[in-house]
Every structure is written in C-alpha cells, then in structure tokens.
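Reader: Hello! I am new to protein models, and I would like to learn how to read one. Could you take me through some features step by step?

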Amino acid sequence: MKRYKIYDTETNFYYSTCTLTAWLPIFQNQSYFQIIMDSLKYCQANKGLFLIGYVIMPTHIHLITWNTPETSLSNIMRDFRQYTSKRVRELLENDKRVQFINIFEKAASRLPKQQYKVWKDEYHPVALKSEKWLLEKLNYLHNNPVRKGFVERPEYWKYSSTQNWILDDNALITINKECLS
C-alpha cells in the first residue's frame with residue numbers, strides 16, 4: 001500500500017524525492033546534471049510545473065513544486081522520469097559506463113516492456129500544507145549538500161535552488177517564487 005497521496009486542490013505544494021536505482025552516484029558531472037535541468041525547464045514551459053526549490057544530489061533529487069489545477073503532478077513526474085531515464089541511459093552508454101547500465105538492466109529484468117530501470121518506483125510526494133512546513137523542506141533540501149559534506153555552505157552547491165533564493169541567480173533555471181506570494 002502506498003503511503004503517499006496527491007490531493008486535488010490548488011493550494012498544495014509538494015515535496016518529492018526521486019532516487020536512482022541502487023542509489024547509484026550518477027549525477028557527478030555537468031552532462032548528467034544538465035539532463036535534469038533540461039527536463040525541469042521543459043516541464044515548466046510545457047507541463048504546468050512550477051518549481052519552488054530543488055537540489056540535485058549524486059544519487060537523488062529533491063523537488064518542491066506546485067502545478068496548475070489543469071495539470072497533474074503524477075503526469076508531470078511520469079514524463080520527467082521517463083525522459084530523464086532515457087537520456088541518462090543514452091549518456092551512460094555513450095560514456096561506456098557498463099557497470100551502471102548492467103545494474104539498470106538487472107533492475108528491470110522482471111518488468112514487462114522495460115529494458116532499464118533508472119529511477120526507483122516512487123517519488124514520494126508529500127503535500128506541504130503550511131508555509132512553515134514548506135520553508136522547513138526548502139531549508140532541508142538546500143542544506144542537503146552541506147550535511148553530506150560536499151560543500152561548506154548551501155550556496156556553494158551549483159545544482160540547487162540556493163542559487164536562486166540566496167544569490168538571486170537564475171542562470172541555470174528560474175524558480176517560481178511568485179507562487180509563495
């Protein structure tokens with residue numbers, strides 16, 4: 001039984017986590033990070049996704065999102081994960097990272113119609129029903145690289161919305177701050 005539920009209201013923000021199969025540390029260089037950034041931008045422009053916060057870690061991604069009432073977070077995340085899976089797999093093949101490809105193939109071996117399994121099944125959407133909880137989750141994801149010892153300060157991690165919130169730098173992606181007004 002799934003513990004996570006997506007509610008049909010206009011006021012909910014969601015905190016979601018996408019984790020790579022076997023917690024493989026794939027997001028460690030620019031080309032792999034760029035796959036995620038490109039897909040998030042596409043979802044913003046074409047799928048009704050509003051991105052409030054994010055952090056891309058080597059093995060997983062945390063997102064805080066909102067979507068229009070006409071769209072579905074489930075559909076957005078399905079398309080995001082499907083696209084990024086394909087692109088990650090292609091890049092791994094191009095980079096000849098056979099050990100990762102083999103793990104993704106093995107993970108999909110019992111699944112019909114699926115050759116690779118890049119992401120774990122769930123993305124764990126948690127409705128953030130108060131501004132206090134939203135800000136706690138935003139702080140949590142911004143500090144994730146610090147807790148893991150990758151950087152000393154949140155704004156030093158390039159692939160995080162701290163670039164937007166703390167440094168007011170929208171070079172990588174635009175954050176939808178207006179959703180909090």
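Author: Gladly! Let us start with a term: a salt bridge is a side-chain nitrogen of Lys or Arg within 4 Å of a carboxyl oxygen of Asp or Glu. Please keep in mind that this is a predicted model. Here, Arg89 forms a salt bridge with Glu93, and their closest N and O atoms are 3.7 Å apart.

Reader: Where do Arg89 and Glu93 lie?

Author: Both are in helix H2, four residues apart, which is about one turn of the helix. As for accessibility, Arg89 is partly exposed at 22%, and Glu93 is partly exposed at 35%.

Reader: How many salt bridges does the structure hold?

Author: There are eight. One of them joins the side chains of Arg87 and Glu90, with 3.0 Å from N to O. These two are three residues apart in helix H2 (residues 73-94), so about one helical turn separates them. Arg87 has a relative accessibility of 33% and counts as partly exposed, and so does Glu90, with a relative accessible area of 27%.

Reader: And which side chain does Glu155 meet in a salt bridge?

Author: That of Arg153, at 2.5 Å from N to O. To read the next values, remember that buried means under 20% relative accessible area. Glu155 has 13%, so Glu155 is buried, whereas Arg153 is partly exposed with 43%. Salt bridges can also share partners: in this way Lys47, Arg78 and Asp79 are joined into one network.

Reader: Now the strands, please. In what order do the four strands of the open sheet come?

Author: To read a sheet, follow which strand pairs with which. The order is S2-S3-S1-S4, and the pairing is antiparallel. S2 and S4 stand at the edges with a single partner strand each, so one side of each has no neighbour in the sheet. On average, neighbouring strands are turned by 25 degrees against each other, with direction ignored.

Reader: Over how many bridges do S1 and S4 pair?

Author: Three, in the antiparallel sense. Take Phe13 as an example: its bridge partner in S4 is Leu128. A helix takes part in the picture too, as helix H1 (residues 30-46) packs on the sheet and touches S2 and S3. The direction of H1 makes about 165 degrees with that of S2.

Reader: Where in H4 does a kink lie?

Author: Look at Leu141, where the kink is about 30 degrees, shortly before the proline Pro145. After H4 comes Gly149, with a positive phi near 80 degrees.

Reader: Which residues of H4 are buried, and what covers them?

Author: Try to picture the helix from its buried side. The buried residues are Leu134, Leu138, Leu141, His142, Asn144 and Pro145. Notice that Leu141, the site of the kink, is among the buried residues. Their cover includes four strands you can find in the model: S1 (13-19), S2 (49-56), S3 (60-67) and S4 (126-128). Helix H5 (162-165) is also part of that cover.

Reader: Thank you, now I know where to look!

How values were computed: Residues numbered from 1 in each chain as written. Predicted model: local features only at pLDDT ≥ 70, side-chain atom pairs only at ≥ 80, totals over all residues. Heavy atoms only, no water. Bend = angle between axes of the 7 residues up to and from the residue. Buried < 20%, exposed > 50% of the residue type's maximum accessible area, 1.4 Å probe, protein only. Contact = heavy atoms within 4.5 Å. Pairing = 2+ DSSP bridges. Axes fitted to C-alpha atoms, helices over the stretch in contact; angles between N-to-C directions.
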